[in-house]
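Have your viewer ready and a pencil to hand. Let's work through a few exercises together, one step at a time.

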Amino acid sequence: MDNMLDLSESRQEIMDRVADVIGKALDYRNSLDTYAYLWVDDRAEFMKQFLLYGHVLTSEEVEAHADEGVPEQPPTTEQFKEQIDIYENLYIQMSKFEDFRTFESWFKVDMKPFKISLLNIIKKWSWMFKEHLLRFVIGSLTDLEEFIKVTDTGLKKEVNEGDDNRLIEIMGHLLAVRDRQASTDELFEPLKETITLLESYGQKLSDQVYVQLQELPEKWNTTKKIAASIKHEVAPLQTSEVTLIRKKCASFDGKQIEFRERFRVEAPFCFDAKNPYVLLDKENRELEALEEEMLQMQKSANLFEVVVPDYKQMKQCRKEIRLLKEVWDINIYVTSNIDDWTKTQWRQINVEQMDAELRRFAKEVWSLDKEIRSWDVYIGLELTVKNLMTSLRAVTELQNPAIRERHWHQLMNATGVRLSITEGTTLADLLGLQLHKVEDEVRSIVDKAVKELGTEKILTEISQTWATMEFCYEKHYRTRTPLLKSDEQLFETLENNQVQLQTILQSKYVAYFIEQVTSWQRTLNVADSVIFIWMEVQRTWSHLESIFIGSDDIRTQLPEDAKRFDGVDADFKELMIETTNTKNVLEATTKPNLYEKLESLQHRLSLCEKALAAYLETKRLAFPRFYFVSAADLLDILSKGTQPRQVTHHLTKLFDNIADLQFQDNKEKATNIALGMYSKEKEYVPFHAECECIGQVETWLQQLEETMCKTVHRYIMEAIAAYEEKPREQWIFDYPAQVALTSSQIWWTTDVGIAFNRLEEGFEMALKDYNKKQITQLNALIALLLGELASGDRQKIMTICTIDVHARDVVAKLVAQKVTSSQAFAWLSQLRHRWDEAQNHCLANICDAQFQYFYEYLGNTSRLVITPLTDRCYITLTQSLHLTMSGAPAGPAGTGKTETTKDLGHALGMMVYVFNCSEQMDYKSIGNIYKGLVQTGAWGCFDEFNRISVEVLSVVAVQVKTIHDAIRNKRKKFLFLGENITLKPSVGIFITMNPGYAGRTELPENLKALFRPCAMVVPDIELICEIMLVAEGFIDARLLARKFITLYTLCRELLSKQDHYDWGLRAVKSVLVVAGSLKRGDKNRPEDQVLMRTLRDFNLPKIVTDDIPIFMGLISDLFPALDVPRRRDLQFEQMVKQSTLELHLQPEESFILKVVQLEELLAVRHSVFVVGNAGTGKSKVLRTLNRTYVNMKQKPVWNDLNPKAVTTDELFGFIHHATREWKDG
């Protein structure tokens, strides 16, 4: 059908029309809703309100009269007429309603059923009002007729004197007529109007109604007349009856007063009344009889119009009986409950539940009539509840498990009642103690009991703890003597328990336990002092045992003390073996005379220690470099003094760079004659004369020092002489690094001097020519660096290169500034070495200061790149020494404060000791270092000096001043720290400081005055970079340095600020070292590729993800069109993969890369931070590398340590205040 358009359109139109017509029909239906009230409203409710108020009440009226109610206003006949008319008119209107209705001329609706229903309902409404009026008419008339009939009959009966009942009956009728008169007189007119109204609506009434309406007015008048005459007749009788009634009233009044008095006495008003309900019943019966009598009297009095008095006493009694019943109900309920409770065993009482019940009782009692509050029964009840509540509070307190027998006795003494408390004691027994009177005492006794229980618990715990507390022992590593193990838990428990006992003693509840507590306190104090001294003795013994028993040298040097120590040793071992049998701590520590024994041991050991310290001091005075080794090392050196081969491993601590000696080996036996020395870099320098290492160790070490200096001195002399005999690049290999470098510096000074002389003679090109010669020499060295070299030779040439570049730049600067005289400051401010034939020594000049070279063997080490900053620092430090002061380079980290000081020392062949200062240092430890420096004549560089606390610094100032004064006064010996010591005037003291950040102090003024400050700023990194690149063998050094530094500067500015980024000097240096090794490893690769690869691969690991694109962008900008692959060790990466799988991890590329990067970093760094958010695999990278090393058979050691779990002292070590010993971290 959908395909037939016409049909579907027609269908649509039909549907639309149907919908339209239905809509119209519904609209019409809705218009009839105006008549809805006819079938919705409740007719009965409407009629009820209409009869009361004449209309239906609105909500406003109801609200307005909310308090007192709407005043009643019965409807008039007129209002009835209005209502009936409304419905009659509506009926007429609705009758005209159409039977059918047609919509849109095709939809016909049948209206007949609706119309018929509607007309019916309207009829019902109008009939409701008519029916009421009809009933009203008929009812009123019938009622009146009946009344007249009864009254007439009653009044006509005869009355004789003394016939009370008849008189009362007649009086009743008369009263009825009197009451009804007014309303009946006005009744007839409204009735007639109503009938007329009903007739007007065509309502038929029965004939009887009309007859009644006619006759009744007449009959009513007759009745009134009869009543009047009868009233007159009975008047005398009435008077006598009234008199009688009054008499009765008077006698009844007496009766009720008497009852009232009896009631006050007999009724159960007392709390302790017996059988209250029986009494109440009796009183109630009597009162009821009286009330009945009173009722009869009131009836007759009403008839005779006599006023009866208001018998208030009786009413009061009735009220009181009701109240008494209420009180006694509650009273008996409460007391029976309480009786039940009091039978409970007092331990089983559920106080909370009882308390809740009692509160409920109290509430009920309180809600009774206020009048009864003065009654004894009420007062008694209230008091019972209150007292029980109070007592229960006390019982709760007494249920506390802390209460002991003694506390019950205290309570009984307070209450004065004796009672034995057992499990069977009931609540009643307890209430017998009258707890409500002693609530406060109970509370204080319980409080005391609780506190005493606490004390008791602590004492029990302490005794249990110490019953099981045992010493742990460990065997002494050499003698296997059992020693007490330092048990942190034991010390902690001991300390805690002592504090606990102290606290208990201060408490006011300690009286009962005083003996116990003091005895424990004594015991633990003894244990504490014994353990403390024991540990001290043990520590000193184990320290001295290895010295006195293990070293024959010391036994021969200190025979008396060795003997004393043997005694101590025997006693101590005996004591320890004895003790191991007594495991318990208290038993062991409280043995008789133990403390005294230990004290004597301690005293004897301290004598041995003093002797030892004095002995060591003599050795240090004999060879002052011993001041810079620890007591343990020194003892080791002294004990092996006769076997020089075993002492050699200590040499690095005594000399700048002697690591070992070459001894002469005879076929038959090894001798103790040293032929030469080895540096840490394995450079060998033969001595110019044999050095015999025989006799006291300090003697042959002193001789070794002299031999070393003479050897270096001799070589420098030879090297200078041989300098011109062969090309420089060959001559270098003939001599040790230090000698070659110093000689080449001496020759540089000489050559520049010659050039100046030639300038004065008129050769203008002299300096320029010399500069060209320098460049040629330098290029020859670089050529060597690019070739195959042993590592020692490479280092030597790199160092000479570094200094040569500076020499070349100085001359270039002189040329550029057109300097013509050797007295110009540009030349004088340089550190110039020269050989003085007269003194036969190498001297170093700078400005007006002159120093003799000190010939300390320095080995084959690198030297600093000399920048203008280094020059300035050299001048300041050398001037301060020249003026007998000290130097203080200060500046931020990484500016080369310490390194420059060390380098200046190396330039002058001087031993420089570097001390890292910490808060641990005090004036004694610093004084000892000064004592050593003064006697060795060496330099001391005190790093981070302002970490030392201010109190110490002011003492240090005095020490430094003493040294300066001694040098100024050219003393050979002077008094220092209470000792007379020798002075070598070459001593130098330098301090470096990081100004102004946490944990640093300001130097005191008296100290500042002794040090010449030198501000170190950020050095010229580009210059350093260039020179180091040259030294590493790069030809195109200047351009590469520029790129290198540009990259780092841009990184600092453009990358995000991360805590672990460092674009400073130290970072530059480590990358340069890597670049050098890569260049040598891949000689054919262009230099820019080598550097680019180094910069990329050694910075990428530390750069955070967000910064990588920026960093890679910078690299590609600086090295355009270069893409060098990473240098990969595929075999190593395979091992890493294997380790990753062994650890059950996924060998992803990025993870493997991180492990490889970590391995590469560890090659150039001592320590590495692995940084990242939680869960990024930091620990796993470390674990994997560790596992890889294990697989590669490298024996790595893994140790986890949480730095927060240890103090700085435990981590880094500290000086023990008592023993002045260094404890390793």
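Predicted model: local features only at pLDDT ≥ 70, side-chain atom pairs only at ≥ 80, totals over all residues.

Residues are numbered from 1 along each chain as its sequence is written, and side-chain values use heavy atoms, with hydrogens and water left out.

**Exercise 1. Cysteines**

Task: find how many disulfides the whole structure holds, and check the surroundings of Cys 801 and Cys 917.

Solution. 
- Step 1. Start with the criterion: a disulfide is a pair of cysteine sulfur atoms within 2.5 Å. Searching the whole structure gives 0 disulfides.
- Step 2. For Cys 801, the nearest cysteine sulfur belongs to Cys 1025 and is 15 Å away. For Cys 917, the nearest is that of Cys 941, 8.6 Å away.
- Step 3. Now look at accessibility, where buried means under 20% relative accessible area, exposed over 50% and partly exposed in between, with a 1.4 Å probe and protein chains only. Cys 801 is buried at 0%, and Cys 917 is buried at 1%.

**Exercise 2. Salt bridges**

Task: describe the salt bridges Arg 17 to Glu 13, Glu 698 to Lys 619 and Asp 1082 to Arg 1085, and say where the partners sit.

Solution. 
- Step 1. Apply the rule: a salt bridge is a side-chain nitrogen of Lys or Arg within 4 Å of a carboxyl oxygen of Asp or Glu. The count comes to 41 salt bridges.
- Step 2. Arg 17 and Glu 13 pair with an N to O distance of 3.2 Å. Both belong to helix 1 (residues 5-31) and are 4 residues apart, about one turn of the helix; helices (H or I, at least four residues) and strands (E, at least two) are DSSP runs, numbered from the N terminus. Arg 17 is exposed at 52%, whereas Glu 13 is partly exposed at 43%.
- Step 3. In the pair of Glu 698 and Lys 619, the closest N and O atoms are 2.8 Å apart. Glu 698 lies in helix 27 (residues 697-722) and Lys 619 in helix 23 (residues 594-622), so this pair ties together parts that are 79 residues apart in sequence. Glu 698 is buried at 10%, and Lys 619 is buried at 4%.
- Step 4. Asp 1082 and Arg 1085 meet at 2.8 Å, N to O. Asp 1082 is partly exposed at 26%, and Arg 1085 is partly exposed at 23%.
- Step 5. Finally, salt bridges with shared partners join Glu 617, Lys 931 and Glu 979 into one network.

**Exercise 3. The largest cavity**

Task: work out what lines the largest cavity and which helix supplies the largest share of that lining.

Solution. 
- Step 1. On a 1 Å grid over the protein atoms alone, a cavity is a set of points where a 1.4 Å probe fits but cannot get out, and lining residues have an atom within 4 Å of a point. The whole structure has 3 cavities of 30 Å³ or more.
- Step 2. The largest cavity holds about 140 Å³ of space, a volume being the space filled by probe spheres set on the points, which are joined across faces, edges and corners.
- Step 3. There are 14 lining residues, and the closest to the centre are Arg 728, Trp 748, Tyr 770, Gln 777 and Asp 804.
- Step 4. Helix 29 (737-761), helix 30 (766-786) and helix 31 (791-816) each supply at least two lining residues. Helix 29 gives the largest share, 5 residues.

Conventions: 1 Å grid on protein atoms, 1.4 Å probe; cavity = no way out; pocket = protein on both sides within 12 Å on 5 of 7 lines; lining within 4 Å.
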